[in-house]
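What can be said about the empty spaces, the charged contacts and the backbone of a protein when its atoms are examined one by one? The report below takes up these topics in turn.

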Amino acid sequence: MKKLFGLFTIYDIVLLGASVVAIVLSFTLSPSRDYLTLTSSVIGVTALMFIVKGHVAGQILTIAFAVVYGTVSYFFAYYGEMITYLGMSAPAAVMATVSWLRHPHKKRTQVEVANLTKQKIVMLVLIAAIVTTAFYFILRALGNANLIVSTVSVTTSCVAASLTFLRSPLYGLAYAANDIVLIVLWILATIKDIAYLPMIICFSAFLILDFYGFINWTVMRKKQQADNAETQ
């Protein structure tokens with residue numbers, strides 16, 4: 001555990017700590033408290049910080065987050081979120097865990113950052129288009145709350161999960177786009193029930209962490225390329 005948390009810099013610890021404190025404060029200030037929402041939020045920001053550092057523990061925590069967050073979404077009739085996280089994000093995190101374990105960097109305690117090829121980009125666009133179309137009609141049939149926003153959330157989540165599996169720094173930008181959509185979704189939910197306020201704080205923290213992830217992974221890629229050049 002000491003080695004695991006030794007991955008974090010002081011800045012990382014402060015950022016993670018501030019995120020958790022903000023979530024807990026929003027929970028304690030809420031007149032109606034939902035412990036599943038609190039649990040989901042804390043697991044989520046912790047998972048993201050490990051992903052920012054390129055450590056596979058982040059993917060394992062993402063599986064737990066997907067299960068709890070999917071449950072929270074079910075109770076507010078955000079069936080798109082429930083299906084997306086339980087049916088797509090959780091399995092994607094399992095596959096990403098395997099992929100990351102199979103592609104560690106030789107000199108660093110992190111995953112090997114990969115580049116996107118034209119073939120991968122074409123496949124990503126096709127998959128996103130198919131998933132978006134299918135989910136729109138599925139969610140409409142289920143009577144999903146806030147249909148259009150939920151459909152956009154499915155699309156951005158699909159792209160982000162795929163980029164994470166592909167070990168691309170662009171995962172951070174894709175998840176940042178997804179975070180913005182989710183902030184809107186949970187603002188709409190919080191208007192009806194203040195108990196969902198921690199979810200707004202959670203995804204606001206996610207937004208910051210995902211931008212940080214894109215920056216950190218870009219730096220990681222440069223360092224790894226330098227390491228690879230030295231060994232050649």
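R167 is placed in the loop between α7 and α8, where helices (H or I, at least four residues) and strands (E, at least two) are DSSP runs that are numbered from the N terminus. Although R167 is not a glycine, its phi is positive, at about 60°. The residue R167 counts as buried because its relative accessible area is 12%; buried means under 20% relative accessible area, exposed means over 50%, and partly exposed lies in between (1.4 Å probe, protein chains only).

## Basis of the values

This is a predicted model, in which local features need pLDDT of at least 70 and side-chain atom pairs count only at pLDDT 80 or more, while totals for chains, interfaces and linings use all residues. Residues are numbered from 1 along each chain as its sequence is written, and side-chain values use heavy atoms, with hydrogens and water left out.

## The salt bridge

How many salt bridges does a search of the whole structure find? The search finds one, a salt bridge being a side-chain nitrogen of Lys or Arg within 4 Å of a carboxyl oxygen of Asp or Glu. The partners are D12 and K53, whose closest N and O atoms are 2.9 Å apart. Because D12 lies in helix α2 (residues 10-29) and K53 in the loop between α3 and α4, the pair ties together parts that are 41 residues apart in sequence.

D12 is buried, with a relative accessible area of 0%, and K53 is buried as well, with a relative accessible area of 12%. Helix α2 also holds I13, which counts as partly exposed at 47% relative accessibility. I13 and M49 are 36 residues apart along the chain, and their C-alpha atoms are separated by 9.0 Å.

## The enclosed cavity

Rolling a probe the size of a water molecule over the atoms shows where empty space is left. On a 1 Å grid over the protein atoms alone, a cavity is a set of points where a 1.4 Å probe fits but cannot get out, whereas a pocket is an open set with protein on both sides within 12 Å along at least five of seven lines; lining residues have an atom within 4 Å of a point. Grid points are joined across faces, edges and corners, and a volume is the space filled by probe spheres set on the points.

The structure holds one cavity of 30 Å³ or more, and the largest cavity contains about 230 Å³ of space. It is lined by 20 residues, of which L48, I51, T62, F65 and Y175 are the closest to its centre. The elements that give two or more residues to this lining are α3 (35-52), α4 (57-75), α5 (79-102), α7 (147-165), α8 (171-192) and α9 (197-231), and α5 gives the most, with five residues. By class, the lining of the largest cavity has 12 nonpolar, six polar and two charged residues, where Ala, Val, Leu, Ile, Met, Phe, Trp, Tyr, Cys and Pro count as nonpolar, Asp, Glu, Lys and Arg as charged, and the others, Gly among them, as polar.

The largest pocket has a volume of about 240 Å³ and is lined by 13 residues, with M95, I127, A161, S162 and F165 nearest its centre. The elements α5, α6 and α7 each give two or more residues to its lining, and α6 gives the most, with five residues. In terms of class, this lining has 11 nonpolar residues, one polar and one charged.

The second largest pocket contains about 160 Å³ of space, and its lining is made by L7, K53, R108, T109, Q110, N216, V219, M220 and K223. The classes represented in the lining of the second largest pocket are three nonpolar, three polar and three charged residues.

## Helix positions and separations

V72 lies in helix α4 and counts as buried at 1% relative accessibility. V72 and R221 are 149 residues apart in sequence and, from C-alpha to C-alpha, 36 Å apart in space. In helix α7 lies T156, which counts as buried at 16% relative accessibility. The C-alpha atoms of T156 and I183, which are 27 residues apart along the chain, are separated by 13 Å.
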